[in-house]
Amino acid sequence: MTPELMIRACTFYTGRLLKTHFHTWREIAIPPTNEDELLAEKMEAAIVYANFRLKKHVLHHWHSYVKNRKEQLRDALLRIQRMFHCYKMIVTLNKWRDRARHKFKKREDELMLKHELQLQKFSKLKFKTSSKEEYFFPEQFVSEGFLVGGIPEFDISQLPKRAILQIFSYLSLRDLVICGQVNRSWLLMTQMGSLWNGIDFSAVKNIITDKYIVSILQRWRLNVLRLNFRGCALRLKTLRSVSFCKNLQELNVSDCPTLTDESMRYISESCPGVLYLNLSNTIITNRTMRLLPRYFYNLQNLSLAYCRKFTDKGLQYLNLGNGCHKLIYLDLSGCTQISVQGFRNIANSCSGIMHLTINDMPTLTDNCVKALVDKCHRISSVVLIGAPHISDSAFKALSGCDIKKIRFEGNKRITDACFKLIDKSYPNISHIYMVDCKGITDGSLKSLSPLKHLTVLNLANCVRIGDTGLKQFLDGPASTKIRELNLSNCIHLGDASMAKLSERCYNLNYLNLRNCEHLTDLGVEFIANIFSLVSVDLSGTDISNEVFCKGSLTLEHLDVSYCPQLSDIIIKALAIYCINLTSLSVAGCPKITDSAMEMLSAKCHYLHILDVSGCILLTDQMLENLEMGCRQLRILKMQYCRLISKEAAIRMSSIVQHQEYSASNPPLWFGYDSEGKSLREKQNTSLKNSELTAKESTYNNEEEAV
């Protein structure tokens with residue numbers, strides 16, 4: 001920086017400063033001549049801007065008002081539409097209800113008229129016992145010409161071959177042989193090769209001889225596919241004759257006391273195509289176990305239940321030769337000699353097992369199950385009945401398999417913990433049987449509710465289950481798919497959960513509420529709304545003559561035994577509405593009379609099983625009605641029916657296949673005496689009388705003291 005430059009810079013700065021201050025002074029000192037005009041322009045611009053802001057503010061409020069008004073109008077319109085639809089639905093529902101009531105009343109009148117007509121015809125037919133004509137009912141729609149002309153002759157051999165095979169396939173071996181002795185035509189029909197594909201010798205084991213068995217097997221050796229020798233005490237030579245059947249696929253020699261390893265050697269060498277083999281309760285040893293993988297390499301089903309002569313080493317033989325790698329079903333029930341190592345041998349030999357049954361195994365532990373499922377990942381069905389040492393650990397170990405059916409019974413170590421993650425561990429499970437598992441509570445039902453494929457649930461004798469748990473279960477998706485529900489002996493269940501049961505379980509077919517003591521008529525009214533029911537068990541409950549079967553036209557099985565309040569009213573309702581009934585139990589109902597059974601016999605012609613034990617008012621007249629009306633009756637139980645004579649019972653035993661009869665008084669556990677009076681009421685009456693007697697004696701003593 002030189003002095004000259006410094007002087008120039010100072011001169012320039014001073015000049016600029018003077019110029020700036022001069023201009024400022026001039027603007028202040030000399031006012032502009034058009035100040036009023038500028039002020040007027042600014043005022044006008046301000047007014048325009050203020051008007052614009054005001055209009056904008058007013059428009060905003062107007063827009064908000066219009067928008068709110070439109071929303072209000074829209075809401076009002078929606079409310080009006082909903083009210084209109086609601087009113088329309090109410091009108092429609094009222095019309096539908098009136099029409100449904102009219103239709104129901106009409107159907108009920110028709111059923112009652114039909115019922116009365118059939119009763120009249122049934123009563124008329126009862127007086128024609130001297131005639132030998134056949135009894136026909138209105139359902140059969142038989143023409144008068146047929147009745148007048150009698151039964152026309154018909155040659156069954158004129159039917160198509162397929163129909164003949166279908167008819168004769170229902171006959172046992174004994175009946176088939178008898179039919180072959182009618183005539184030559186029938187003999188030819190009974191000798192069709194397809195009828196001898198399966199031969200059941202167990203049904204005639206007490207009358208058939210070894211010679212005849214050998215003859216049959218030699219004659220039909222090329223046709224036989226299935227043989228059943230269950231319980232037959234056969235000689236070694238007879239068992240060797242099984243080797244004639246080269247095409248044999250199924251063989252059942254269970255409970256055969258004479259079956260040995262030697263006879264199994266002859267069978268295995270000659271019948272390599274066996275797929276199903278039942279050796280349960282026989283004395284086979286490791287020698288037979290060595291034969292299975294060598295010859296039965298296509299074996300799929302094997303039952304070794306209660307065979308206690310083989311050891312863990314015998315199970316190791318299953319991996320020899322071709323091995324039993326195609327095995328799908330295995331039954332080891334009662335084989336208490338098998339250890340953990342034996343289950344490891346099974347896992348190494350038969351890794352494709354899908355269905356496993358191990359019952360009556362008190363020695364079975366969690367380690368046995370773990371050793372088996374380590375390699376058998378295809379297991380889908382497990383049955384463990386009578387295995388008290390199985391716990392939640394085994395249930396957790398099974399989560400590695402695609403379990404669809406599981407069954408535990410009589411186990412006290414299974415708790416709610418095994419069900420906590422069941423929807424993730426077993427998403428495809430469809431059948432759950434947890435019978436008599438005391439550790440299961442309402443928490444388990446809550447855990448089961450998310451299952452989407454559950455169709456069968458059996459929690460019988462799980463006494464800690466109540467209405468709370470059942471409601472939580474019914475809130476989930478499992479309730480809509482359930483078809484079978486068994487909650488018998490769950491004594492804490494009552495009417496509270498029945499409303500939701502009828503609302504959610506519209507696909508329910510089988511319902512068992514046996515001995516649910518808190519269930520009353522109110523709960524039965526809700527059950528009546530489940531129109532899909534086929535089988536109902538309400539025995540031991542506190543119900544009266546609630547006519548719940550009016551809507552159950554598909555009902556086939558009904559058990560209302562040990563409900564002493566029931567009378568003829570419920571039988572009449574069954575006769576009117578449930579004509580397809582095949583099984584009925586009214587045991588322990590002392591108010592049932594012959595008139596009710598007459599109505600039942602006149603209408604329910606498909607009845608196969610009937611239990612009237614303890615119905616003390618029934619007489620021989622009931623048996624006559626059953627003989628006339630229920631031609632398909634197979635099983636009849638009439639214990640403690642003292643008014644039914646022994647002669648009538650003997651005559652009826654020749655008609656039915658199985659009969660139970662006694663004329664003694666009902667035991668005390670029926671809850672009433674020989675006259676039908678409740679023992680509980682008698683006890684209460686006696687207690688009241690004793691109290692009154694005590695009070696009277698006290699009063700008399702006080703009077704004497706005074």
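What we are looking at is a predicted model, in which local features need pLDDT of at least 70 and side-chain atom pairs count only at pLDDT 80 or more, while totals for chains, interfaces and linings use all residues. Residues are numbered from 1 along each chain as its sequence is written, and side-chain values use heavy atoms, with hydrogens and water left out.

I would like to start with strand β10, residues 431–435, which is joined to strand β11, residues 456–458, by three bridges, the two strands running parallel. Within that pairing, H431 has V456 of β11 as its bridge partner. To get from β10 to β11 the chain passes through helix α16, residues 442–448, and this β-α-β crossover is right-handed, meaning that, with the strands pointing away from the viewer, the path from the first strand over the helix to the second runs clockwise.

Strand β10 also pairs with β9, residues 405–409, again in parallel, and here five bridges join the two; in this case E409 stands opposite V435.

How covered is β10? Five of its five residues are buried, where buried means under 20% relative accessible area, exposed means over 50%, and partly exposed lies in between, computed with a 1.4 Å probe on protein chains only. H431, Y433 and V435 point one way from the strand, whereas I432 and M434 point the other way, and both sets are buried.

Next, the backbone in two loops. Most residues other than glycine have a negative phi. D436, in the loop between β10 and α16, is not a glycine and yet has a positive phi of about 60 degrees; its relative accessibility is 26%, so D436 counts as partly exposed. N461, placed in the loop between β11 and α17, residues 467–474, likewise has a positive phi, of about 65 degrees, although it is not a glycine, and N461 counts as partly exposed because its relative accessibility is 23%.

Finally, let me turn to F22, which sits in helix α1, residues 3–29. Why does F22 count as partly exposed? The reason is its relative accessibility of 44%. The C-alpha atoms of F22 and E675 are separated by 138 Å, and these two residues are 653 residues apart along the chain.

Conventions. Helices (H or I, at least four residues) and strands (E, at least two) are DSSP runs, numbered from the N terminus. Two strands pair if DSSP finds at least two bridges between them.
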